[in-house]
Amino acid sequence: METDLPPSRERGAVPETDREKTVKTVSEWYPVSYLEPNSASALPYALLILNQPVDEKRFSRYWGGSSFTICADGGANRLYELCERSESHALKNHIPEVIHGDLDSLLPKVEEYYRSSGSQIIQDTDQESTDFMKCLKLINARAGLSRKLDVVALGNLGGRVDQGLSQLHHLYMAGEDTLLGIGRIIFFTPESIAFLLQRGHNRIYTPLYKGFITENVGIIPIGRPAVISTRGLEWDVHEWKTEFGGRISTSNHIKSDVIEVDTTERVLFTVELA
């Protein structure tokens, strides 16, 4: 694990009074379930395609498991281009239910094709909100489900740095916004899975033997400094303070089918795709 200082049980420990105030909750995560056909642990989810290169290798799995599909503005261009390169029936078999955003990136030919194929195209010109956030606000109402719907967002952190940081920023902000009315957001890039662990106790199921993920993980405090304890990693830590400008956990390794993380604040968990 790459850190600035070795883990310590003393340095960075939270005072007992603060630890007692931390709400003890248990959050369970099954990130590989979105890659498994007919997974029993996969919950219904909306597929949100952002205006980033689409992971062609796994796209059919994401699409096939979704209960609602939406493109964020230029994400429709990405879907169209992907299907055009694929088999002859790919375009007509992958029609998003909604295309939403300010629509300044949506190509005319793409708009015409999807509109004529039945997609609902909704423009929102609010410049104080990104297309990502606009789609998140729309998802649950359009999905028509009584429960909060999880979101699988397809993006890419390997391009422009500012755009990648913006995606992580909105991933974090969306988790803080209880008015959005959505469930968990799982962010998939062509290389990794990323999601925000909740405050309290987290249990992440990471079966390497299934071949969907590699051993490489990171735990990143993208919002606030946090104190974490881990079990199931090659370099476990105990009551370890992590923050930008201090120590962060990257390039750690999975050593168990279940990783457990206790955290005082929400932190980003990343795992590399195989």
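Reading the helices and the sheet of a predicted model

User: Why does the span of helix 7 agree with its number of residues?

Analyst: In this predicted model, helix 7 covers residues 161–176, which is 16 residues. At 1.5 Å a residue, counted for one less than the number of residues, the helix should span 22 Å. The C-alpha atoms at its ends are 23 Å apart, which agrees with that expectation.

User: Why is Gly164 counted as buried?

Analyst: Buried means a relative accessible area under 20%. Gly164 has a relative accessibility of 6%, and therefore counts as buried. Gly164 is placed in helix 7, where the buried residues also include Gln167, Leu168, His170, Leu171, Tyr172 and Ala174. The C-alpha atom of Gly164 is separated by 9.9 Å from that of Gln52, although the two residues are 112 residues apart along the chain.

User: What makes strand 5 and strand 13 the edges of the sheet?

Analyst: The open sheet consists of 10 strands in the order 5-4-3-2-6-7-8-15-10-13, with mixed pairing. Strand 5 (120–123) and strand 13 (249–253) each have a single partner strand, so one side of each is left without a neighbour in the sheet. On average, neighbouring strands of this sheet are turned by 20 degrees against each other, direction ignored.

User: How do you know that strand 3 and strand 4 pair?

Analyst: Two strands pair if at least two bridges are found between them. Strand 3 (residues 68–72) and strand 4 (residues 98–101) have three bridges, in the parallel sense. Ile70 stands opposite Val98 in strand 4.

User: Why are helix 3 and helix 5 called roughly perpendicular?

Analyst: Angles of 65 to 115 degrees count as roughly perpendicular. The axes of helix 3 and helix 5 (residues 108–116) cross at roughly 80 degrees and come within 10 Å. The two helices are therefore roughly perpendicular to each other.

User: What is the confidence of the prediction along the protein chain?

Analyst: The protein chain averages a pLDDT of 87, and 88% of the residues score at least 70. Over residues 3–23, however, pLDDT stays under 50. For that stretch the model has 34 contacts beyond four places in sequence.

Definitions and conventions
Residues numbered from 1 in each chain as written. Predicted model: local features only at pLDDT ≥ 70, side-chain atom pairs only at ≥ 80, totals over all residues. Heavy atoms only, no water. Helix = DSSP H or I, 4+ residues; strand = E, 2+ residues; numbered from the N terminus. Buried < 20%, exposed > 50% of the residue type's maximum accessible area, 1.4 Å probe, protein only. pLDDT = per-residue confidence, 0-100. Contact = heavy atoms within 4.5 Å. Axes fitted to C-alpha atoms, helices over the stretch in contact; angles between N-to-C directions. Parallel < 35°, antiparallel > 145°, perpendicular 65-115°, else oblique.
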